[in-house]
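Subject: Structure for your review

Dear colleague,

Please find below the structure that I am handing over to you. My notes on it follow directly after.

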Amino acid sequence: RAAMVGKDQSNVYEYLLAGGVAGIISRTVIAPIERVKILFQISKADATAQSSRYWHYIPTIYREEGLLAFWKGNSAAVIRVVPYMSITFLSYEEYKFALR
């Protein structure tokens with residue numbers, strides 16, 4: 001807390017909130033790509049057909065499970081990333097302030 005001496009205490013909460021919101025947005029935007037990647041990785045596709053079969057999962061997921069299926073499991077990822085990103089963002093700002 002020594003780095004934040006003289007700074008408004010509300011800045012700490014703003015930095016934590018900003019990091020959390022950034023984490024939520026980034027995980028939610030990348031969730032469809034992650035979902036396809038995970039399904040591809042756990043499939044029994046052989047190594048020679050991997051590049052052509054990766055894109056096969058996108059229409060299959062949409063057709064079989066609907067649009068929201070691309071965000072399946074996103075809430076768990078968001079719960080995991082919010083504390084991490086909040087602390088990372090706050091730490092960056094504190095070190096930046098302390099090293100001036």
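Is K72 buried or exposed? K72 has a relative accessible area of 51%, and therefore counts as exposed; the cut-offs are under 20% for buried and over 50% for exposed, with partly exposed in between, using a 1.4 Å probe and protein chains only.

Before the remaining findings, a note on their basis. This is a predicted model, in which local features need pLDDT of at least 70 and side-chain atom pairs count only at pLDDT 80 or more, while totals for chains, interfaces and linings use all residues. Residues are numbered from 1 along each chain as its sequence is written, and side-chain values use heavy atoms, with hydrogens and water left out.

Salt bridges

A salt bridge here is a side-chain nitrogen of Lys or Arg within 4 Å of a carboxyl oxygen of Asp or Glu. The count by this rule is four. K72 is paired with E65 at 2.6 Å, N to O, and E65 also forms a salt bridge with R35, at 3.0 Å. The E65 and R35 pair connects distant parts of the chain, since E65 belongs to helix α3 and R35 to helix α1, 30 residues apart. Helices are DSSP runs (H or I, at least four residues), numbered from the N terminus. With a relative accessibility of 15%, R35 counts as buried, whereas E65, at 38%, is partly exposed.

Another of the salt bridges joins E34 to K37, whose closest N and O atoms are 3.1 Å apart. These two residues are separated by about one helical turn, because they stand three residues apart in helix α1. Both are partly exposed: E34 at 22% relative accessibility and K37 at 31%.

Nonpolar core

The largest nonpolar core has seven residues: V36, F40, Y54, Y57, I61, A69 and F70. Such a core is a set of buried Ala, Val, Leu, Ile, Met, Phe, Trp, Tyr and Cys residues joined through side-chain atoms within 4.5 Å. Helices α1 and α3 (57–65) are the elements that give two or more residues to this core. Apart from neighbours within four places in sequence, A69 is in contact (heavy atoms within 4.5 Å) with R35 and I61.

Helix α3

Which residues of α3 are buried? They are Y57, T60 and I61. Viewed down the helix axis, these buried residues fall within an arc of 100°, so they line one face of α3; the arc is that of the directions from the helix axis to the C-beta atoms. Y62 and R63 are exposed on the other side of α3. Just after this helix, G66 adopts a positive phi of about 95°.

Surface and helix α4

L17, V21, I25 and V29 make a nonpolar surface patch of about 390 Å². Patches consist of residues with over 30% relative accessible area and no salt bridge, nonpolar side chains (Val, Leu, Ile, Met, Phe, Trp, Tyr) being joined within 5 Å and like charges within 9 Å. Accessible areas come from the Shrake-Rupley method with a 1.4 Å probe. V29 lies in helix α1 (residues 9–42) and is exposed at 60% relative accessibility.

S75 is in helix α4 (residues 74–98) and counts as exposed at 53% relative accessibility. Its C-alpha atom is separated by 9.9 Å from that of A31, 44 residues apart along the chain.

Yours sincerely
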